[in-house]
Amino acid sequence: MIIDIARLMLFPALMAFAAASDLLTMTIPNRVALGLLAGFFILAPLSGMGAYDILVHAGAGALVLVVAFGMFAMRWIGGGDAKLVAAAGLWLGFDHLLAFLVFASLFGGALTVLLLQVRQWPLPYLLASQAWIARLHDKQADVPYGIALALGALLVYPETDWIKTLDLAHFAMR
């Protein structure tokens, strides 16, 4: 039961925390990616994932990490975003990686366009006193892409074996 709850909650909770942190502080703490990494390698064998499947998931995460750090080196994304997308790739594996990346890209594009538009308007005085809103409104500020990554991951996660193999009915009975 504890393992099922962890499978149901850990990934979504850490992804939501990463999105909130990126929105409020424009940073994604390293502990989020480390928590996702540790959580995967603890829960995968406890959930019955075989060694081959664990290695395939690790390969998906490693591939995304290499590409993401190339993008980070070119200053296209932040380091926290690179670590978060790689950790999400680890959890989602190759089976769901493309869908995750497409959704995250679509959400990221929409978020970028929205922020670019909103940053053209003057910030109301009452909102300017909030440091995180002022930082988000700054035309020189980056886009908190962790929000898009989290939305893409949370949209895809219910389709994974992490959730599909759970017997959700027994949660309702208790």
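**Helical architecture and nonpolar core of the predicted model**

The protein comprises nine helices and zero strands, these elements being DSSP runs numbered from the N terminus, with helices assigned from H or I over at least four residues and strands from E over at least two. The structure is a predicted model, in which local features need pLDDT of at least 70 and side-chain atom pairs count only at pLDDT 80 or more, whereas totals for chains, interfaces and linings use all residues. Residues are numbered from 1 along each chain as its sequence is written, and side-chain values use heavy atoms, with hydrogens and water left out.

In overall dimensions, the C-alpha trace spans about 55 × 40 × 25 Å along its principal axes. Buried residues account for 39% of the 174 residues, where buried denotes under 20% relative accessible area, exposed over 50% and partly exposed the range in between, with a 1.4 Å probe and protein chains only. Of the contacts (heavy atoms within 4.5 Å) with a separation of 6 or more, 70% are between residues 24 or more positions apart.

The largest nonpolar core contains 41 residues, and those with the most contacts inside it are Phe11, Leu36 and Phe100. Such a core is defined as a set of buried Ala, Val, Leu, Ile, Met, Phe, Trp, Tyr and Cys residues joined through side-chain atoms within 4.5 Å. Two or more residues of this core are given by each of α1 (2-25), α2 (30-46), α3 (51-73), α4, α7 (146-156) and α8 (161-164), and the largest share, 14 residues, comes from α4. In soluble globular proteins, nonpolar side chains tend to be buried together. When residues up to four places away in sequence are not counted, Leu36 touches Phe11, Leu14, Met15, Leu84, Ala87 and Trp91. Val64, located in helix α3, is buried because its relative accessible area is 9%. With neighbours within four places in sequence left aside, Val64 is in contact with Val85, Ala86 and Leu97, while Val64 and Leu84, 20 residues apart in sequence, are 9.9 Å apart in space, C-alpha to C-alpha.

Helix α1 has 24 residues and reaches 32 Å from its first C-alpha to its last, close to the 34 Å expected at 1.5 Å a residue, the expected span being 1.5 Å times one less than the number of residues. The helix bends by about 30 degrees at Met9, with a proline, Pro12, following within four residues; the bend is the angle between axes fitted to the seven residues ending at a position and the seven starting there. The buried residues of α1 include Asp4 and Arg7 as well as Phe11, Leu14 and Met15. Just after α1, Met26 takes a positive phi of about 60 degrees although Met26 is not a glycine. Met26 lies in the loop between α1 and α2 and counts as partly exposed, because its relative accessibility is 22%. A positive phi of about 65 degrees is likewise found at Arg75, which is not a glycine. Arg75 is placed in the loop between α3 and α4 and is exposed, with a relative accessible area of 74%.

A search of the whole structure finds eight aromatic pairs. Rings of Phe, Tyr and Trp (its six-membered ring) are paired if their centres lie within 6.5 Å, and planes under 30 degrees apart count as stacked, over 60 as edge-to-face and the rest as tilted. The pair formed by Phe69 and Phe72 is edge-to-face, at 5.7 Å centre to centre and 80 degrees between the planes. Both residues lie in helix α3, three residues apart, about one turn of the helix. An α-helix has 3.6 residues a turn, so residues three or four places apart point the same way. Phe69 is partly exposed at a relative accessible area of 32%, and Phe72 is partly exposed at 37%. Ring pairs also link Phe11, Phe40, Phe41, Trp91, Tyr157 and Trp162 into a cluster.
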